[in-house]
Amino acid sequence: MKNRYKTIRVWAAVVCWSLVTGLFLDFTGTLHPYFGFLAKLQFLPALLAANVLVVLLWVAVTFVFGRIYCSVVCPLGVMQDIVSYFSGKRKKFKYRFSYSPEKKVLRYAVLAVFIIAVFAGFTAIYTTLAPYSSYGRIATNWFAPVWRGANNVLAYLSEQVDSYAFYHVDIWIKGITTFVVSGLILVGVSFLAWKHGRTYCNTICPVGTLLGFISRHSLLRITVDTTKCNSCGLCSRKCKAACIDAKQHSIDGSRCVTCFDCIETCKKGALSYKLHLPFRKKNVADVSEKKEGTGKQVDESRRKILALTATLAGTSMLANAKGAADGFVAATERKSVVKRKQQIVPPGALSARNMADHCTACQLCVNSCPNQVLRPSDKLETFMQPVMSYEHGFCRSNCNTCSQVCPAGAIRPISPEKKVSVQVGHAVWIAANCVVNTDGVSCGNCERHCPNGAIMMVPKDKNNPDSLKIPVVDTERCIGCGACEYVCPARPFSAIYVEGHENHRIL
């Protein structure tokens, strides 16, 4: 029998998941002005942005309705439901779940590690555990290339009929370590969802455990009517959270994600979504009366333990450089990534410290950057957080996309007018790499394309005005946009590169 609560929940989840995923797939910037608020409604971005209203909103919603956040708003949670749904379409897996006691030690240990990592600034830990961040990296590194590839096919087909409804976009791996990590998480979470439903969500996820504290005492909870229940166990075998103990007529409210699958499955109408008084003595969310013949309330149900270990490996591989770009320079061989003493963070980030403290490493900005300047960091202290690199483009003065899409306040909103006066770094010339010295030819690309006029070409031989000219950088005028580094013809290392500033300053 169809349940209206489930129908509403499913449609709300599908719409929310589609729009959040669309934010990571959208390379045109169309969705962000209208639906960018969905990223800011995610729990970790709101927490790191100190968005008290959003955090209190989810506390209140969970206290009233249960873990609606996990079943409707969290994209990784909905992705698990999608995988589990297709797994359940096979007849032999239709009733494949079973009740499992909660493993408090594992759940709370992960939550404790998560909280300590947030306060201690161990970004590699809490950004790996956070569900929204993990999903963002999955969407950016795995879904987006497929989406862009499909777009490029349509662009090619359109060109054959003289239509330009679609245009070609570049596809490249922005960070091999992040690509591998996100792939392992995608495979691991999908496998668990395929076999066991919400195992990750109710065993590992720290946000789920945190909200579980509140949902134990939510006002509205799934309730078992023992006068109607015949202990057939169908609800338990359909529960993807494995939180229904059919023998004891109990439901663990801390793990229940309020999906309503159990209500729809029950053939006796013994399950309902009802109002309860908060903070019951036994902390059991869903027993409507004492078990007949015992005179005692049933014990709280528990969750089956999961031993999930993933070895996060990284290799060294760079994406191929683009061909001719914007008419600046034709690539002869790919550029190597510059090893900077201080990584560069975008204008609006204020400082490297602010970025590290507030960034969720969801990589929404990385995927949205139209200039392909942002890429995930491989350094442990800023693991998978965005940094600027100029192998594929430079930071254009009229672009502030990253500051508009960041949901966590790691990159503060900044106007293009203010951006041009923010110094994120300064250019450094390496004489040994310059084609003037290596090939004895005239160049001057860096001077011609510097938007701030911070580079001047001077005679290499100061006693001979007609000698070849070399660049001199005015570090007081340079803003670190990377135009000089990008257009430099030297390979594999640029003769001029940008060294980052730990703290940005206004010129």
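This is a predicted model: local features need pLDDT of at least 70, side-chain atom pairs count only at pLDDT 80 or more; totals for chains, interfaces and linings use all residues.
1. Length of H11. Helix H11 covers residues 176-196, which makes 21 residues. At 1.5 Å a residue, H11 should span 30 Å. Just after H11 comes Gly-197, with a positive phi of about 75°.

2. Burial of H11. Which residues of H11 are buried? They are Ile-176, Thr-177, Thr-178, Val-181, Ser-182, Gly-183, Ile-185, Leu-186, Val-189, Ser-190, Leu-192 and Ala-193. The cover over these buried residues includes helices H7 (75-88), H9 (123-129), H10 (131-160) and H12 (199-203). Strand S5 (374-376) is also part of that cover.

3. Recorded spans. An unreviewed UniProt entry lists residues 12-35, 55-84, 105-126 and 171-194 under "transmembrane region". Take residues 171-194 in the model: the span is 79% helix and 0% strand. Its end C-alpha atoms lie 29 Å apart. Now take residues 12-35: that span is 75% helix and 0% strand. Here the end C-alpha atoms lie 14 Å apart.

4. H1 against H7. Two packed helices are described by the angle and the distance between their axes. Helix H1 is residues 4-25. The axes of H1 and H7 come within 10 Å and cross at roughly 120°. H1 and H7 are therefore oblique to each other. The crossing is left-handed. On the H1 side, Arg-9, Ala-13, Trp-17 and Val-20 make the contact. On the H7 side, the contact residues are Pro-75, Val-78, Met-79, Asp-81 and Ile-82.

Methods: Residues are numbered from 1 along each chain as its sequence is written. Side-chain values use heavy atoms; hydrogens and water are left out. Helices (H or I, at least four residues) and strands (E, at least two) are DSSP runs, numbered from the N terminus. The expected span of a helix is 1.5 Å times one less than its number of residues. Buried means under 20% relative accessible area, exposed over 50%, partly exposed in between (1.4 Å probe, protein chains only). Contact means heavy atoms within 4.5 Å. UniProt positions are given in the numbering used here, feature names are shortened, and annotations may be inferred rather than shown by experiment. Axes are lines fitted to C-alpha atoms, for helices over the stretch in contact, and angles run from 0 to 180 degrees between N-to-C directions. Angles under 35 degrees count as roughly parallel, over 145 as roughly antiparallel, 65 to 115 as roughly perpendicular and the rest as oblique. A crossing is left-handed if the near helix is turned anticlockwise from the far one by less than a right angle, and right-handed if clockwise.
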